[in-house]
Amino acid sequence: MATVYVNDTPVDIGDEKLNCVQAAEKAGILIPHYCYHPALSVVASCRMCLVEVGDKKPDGTVAMQPKVVPGCQTPVKDGTVIITRSPKAKDAQERTLESLLLNHPLDCPVCDKAGECSLQDYSFGYGKAESRMNDEKKTPPNKPDIGANINLFTDRCIMCSRCVRFTREIAGTAELHITHRGDHAEIDVFPGDPLDNKLSTNVVDLCPVGALASKDFLYTQRVWNLKTVDSVCPGCSTGCSIHVDGNKGVVYRLRPRVNPKAQGHFMCDEGRLGYHYANSAERLREPIVRGPHGWSPVGHREAVQRTQTGFNEYSLRSITGVWGVLSPFMTVEEAYLLASWIRDFGKEARLVMGPVPVEGQDDHYPKDRRGNEIPGASKFTIRSEKCPNRKGVEAILEHFSGSVVSFDAFLAALQKGQVKAAILAGGYVPTGKGHWFPAEAVPHLDQVPFLVVHEIFKSPLSEKAHVVFPAASWAEKEGTYINHNGLAQAIHWISTPPGESRTDGQAYLDLLGRTGLMRAQQLRKEIGEKIPSLIQLSTGHLGSSGVLPGEAPPAQAPKQKIPVH
Amino acid sequence: MAYEPVLLARVGKADSTSIEGYRRDGGYETLARALKDMTGEQVTEVVKGAGLRGRGGAGFPTGLKWTFLPKGHPGPIYLCVNVDESEPCTFNNRVLVEKDPHQVLEGIILACYAFKATTAYFYIRYEYGTGMRAMQKAIDEAYAAGFLGKNILGSGYSLDVFVHRGAGAYICGEETGLIESLEGKRAWPRIKPPFPAIEGAFRKPTIVNNPETLANVVQILKRGADWFKSIGVPPDPKNPRDAGSYGPKLYCISGHVNNPGVVELPLGVTVRQLINEHGGGVWKGKKAKGCIPGGNSMGLMTEAEFDTPLDFNGPGRVGCLGLGTGAVTVFDEDTSIVDVLYNLCRFFQHESCGQCTPCREGTGWMFKIMKRFQAGQGRREDLAVLEEVADKIGIMPGTTICGLADGAGWPVKTAIRKFRQEFEKYIQDGTASKSKPLPMAAH
């Protein structure tokens, strides 16, 4: 048991190895810092976290060190006394901020970072109101082409070197470096070697000021207009915890959310920039049905009724001809509802898993400078399985069918004309590499007497269907994703489905004939109680970091925490 | 009594750089004796007992530094010889390395033998091409003569020495900056602790020493600790922390003197003696206005303070940072102190490595103020800002990683404190490029 005193507040740090910044965080006190980042090496160069440190002797006296020390570099032990706001520490912090602002352009009105900028926050909290500098500021030229997704506003940089350390320590590709010396130092890349690794956009989150900006988000929104929800990236089975920032039904950006159980501190560019389809104007906006005279839009209720009628009819004719195809993009709740509905027709109704998209190999970082993997040193993994919830949907299928039947069974039955009524749950994220449904099997769909599909966009599949439900994107639904490791995490909606469409879960709830709105929390509880392999859902709450198999789920909803960056 | 040079005894001889010449003067005999009769620990004890303090600037006791290495370390242990000599107006090591490389090399071998280093890196600044070639030649000769390589002189001790040429940055003279640079990285000084003696080059215990220090090691082992202690200034009995300033020192004299150059004298010579007796007096028959006593970062000294002894404590008593490298730069009475400070600030803003915010921005800021000052747009408030910024940057108040910022602040502080009236006159008179000498302000 080790006790550290932060501004006279005793904090028990157990046997953890912490530095002053971390120990103070435990006491709920923020020691301002720029260059320190928990996932990167300590360089102690920004000198923002200067505090006074001392030792409490067993007799109760305190011996303080004569100088201020950088909190990020100073380890704490039993009896360490940290004073964050002593006159000396305050003076040092003020001075560091004054120095940082000497050459900072203070162009907050046109800066993307304004509103979530550490330089603004700390200047307000720890800085002086005015600068004594009355000479010209340095104005190094901006570098808009430092990377495909990154823009560098060189003059805003405070040289914390977080981005440089990220490319060396996490990505391993080491594109970024510092050129020149002293106050003329700049972040730069070598000619012909731009910052374009698959994790590059993380440097934008790491940048404590507005120097590194994401080209995707640049000049689209002021951050104070954004609403933020905690969610999970649907890009691959890593299931990175993310913040989704949106405004008025439009998703503007995704940011990684710190979650040691899922991915740590970062996320990949593919996931981060993969949200655009959710904002697309091309999306299906209302249910459509195919009649004798072509397509006609119908209301949600009518689409549900037609689906129910169709399935009832064919289930009476041939129960083995009733098929439900679940997709690994569905939430656990959606899969549960759809499977329940199909199972209600009878034991012989077939449930299968839709195709699981896989691309290449798992991609581990850091890489060495030549781009090869370093065995055993993985700090971040982009997984080859490009869907968020295969494990969750499989758990549901196992519960309802005893085993997971693959998509090939469906294709075989389709070829033989044995499919009479089928519902294909979509929600597949469009990849630009062709549609998820195999093109050679599309003509066979003509033989299906009653086909219902859930699709986000118009597709060869929706052309053949009799009822098309517009699917909601992951940004519009709530539910549970279970990642490669069995970690169950909650996703939340930031926008509503476009036009007349409802969420997929709502459609399945309506098909089941259950009343009310789809509420993930209640369903989770139901699933957790019914399905032993998903017992971690049994309280309905998953906390902000999710629940691993075997972990006790939290009894209450997480408190919304203001992120400290 | 005139002092007979020891370290520079061979400088000026025709064959001073060759191994034959060196051996003719008794070179490598000390090494042979030490390898035969002494253990490494005994060598360390002798050096420690002699009270040798590092000649690089900080004056840290050399023998004590060697004992900081972890006991019983399986190795490798490294020696880095710091010939980055980047402090302006300092060229004492240059003379040693260019004119008598074998003396330095013998010191390297003795030091490595003392703390069981198996590899030594001779880190020489890029500008010292002649020195680099002289040392490489000396090393090649020593290998051929069996003083380097495997099983030196049959003692069972092996050592390799490599010359590493720096790329030219002031910060590479900082010991951890030098190590980073040696490892092929940007010379950003490391966070201490761990000190290099625990974790230095390539994450192994490393000792960083100056060539002059190593040359002194040879002389101590050759002539004995008592000889060494008979030279210089004994410790101040009133100051228990004073380790004394024993031994000879190479002083560099430059600036407005008639005979600039390197001179070997016992520690404790005064600035006035140095200028008048060894530097040929101030040039053009003028008077001196002041000097920089030991390299740019030590601060400024006024003419009235010229009787200060240049030992490890003397300059500190008149507000300078310390002895530094013992390089005295004299400026005459017609020199504008504004120009002096402008130059100093320009140097430090150019050489700050840019790692720590206070130093990176502070040195740049001070230079900007001085630039404006020199252009005749100085303000009285600027003096307060300069003094304050200079006072609060550096490792001493704890705001930076290394001592570069202290060195950048010291000349500014001392210049403003000691020559305030001249600065104020400069502000009043506008753009006068040459200010008249003024009575020195009391400080």
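## Report on chains A and B

Of the 443 residues of chain B, 57% count as buried. The model described here is predicted.

Chain B holds 17 helices and 11 strands. Its radius of gyration is 22 Å, close to the 22 Å given by the globule rule for 443 residues, so chain B is as compact as a globular protein of that length. The C-alpha trace of chain B spans about 75 × 50 × 45 Å along its principal axes. Among the contacts in chain B between residues at least 6 apart in sequence, 69% join residues at least 24 apart.

### Domains

The domain assignment of chain B gives domain 1 (19-230), domain 2 (245-332) and domain 3 (337-429). For chain A, the assignment gives domain 1 (3-96), domain 2 (105-123 + 132-267) and domain 3 (288-368 + 377-472 + 500-514).

| Domain pair | Distance between C-alpha centres | Residues in contact |
|---|---|---|
| Domain 2 and domain 3 of chain A | 38 Å | 17 residues from domain 2 and 17 residues from domain 3 |
| Domain 1 and domain 3 of chain B | 34 Å | 10 residues of domain 1 and 7 residues of domain 3 |

In chain A, the side of domain 2 that touches domain 3 divides into 7 nonpolar, 8 polar and 2 charged residues. In chain B, the side of domain 1 that touches domain 3 divides into 8 nonpolar, 1 polar and 1 charged residues.

### Contact between the chains

The contact between the chains takes 28 residues from chain B and 25 residues from chain A. On the side of chain B that touches chain A, α13 (337-351), α14 (357-377) and α15 (380-392) of chain B each supply at least two residues. The largest share of this side, 11 residues, comes from α14(B). By class, the side of chain B that touches chain A has 9 nonpolar, 12 polar and 7 charged residues.

### A sheet in chain B

An open sheet of 5 strands in chain B has the order β8-β7-β11-β9-β10, and its pairing is mixed. The edge strands are β8 (261-266) and β10 (301-302) of chain B, each of which pairs on one side only. B:C291 stands opposite B:M301 in β10(B).

### Helix α9 of chain A

Helix α9 of chain A covers residues 390-401, which is 12 residues. From its first C-alpha to its last, α9(A) reaches 16 Å, close to the 16 Å expected at 1.5 Å a residue. The buried residues of α9(A) are A:R390, A:K391, A:G392, A:V393, A:A395, A:I396, A:L397 and A:F400. They pack against two kinds of element in chain A: the strands β16 (322-326), β17 (350-353) and β23 (479-482), and the helix α8 (332-344). Just after α9(A), A:G402 takes a positive phi of about 85°.

Conventions:
Residues numbered from 1 in each chain as written. Chains lettered and ligands numbered in written order. Predicted model: local features only at pLDDT ≥ 70, side-chain atom pairs only at ≥ 80, totals over all residues. Helix = DSSP H or I, 4+ residues; strand = E, 2+ residues; numbered from the N terminus. Expected span 1.5 Å × (residues − 1). Buried ≥ 20, exposed ≤ 12 C-beta atoms within 10 Å, placed from the backbone. Nonpolar A, V, L, I, M, F, W, Y, C, P; charged D, E, K, R; others polar. Domains from an automatic or database assignment. Pairing = 2+ DSSP bridges. Rg over C-alpha atoms; globule rule 2.2 N^0.38 Å.
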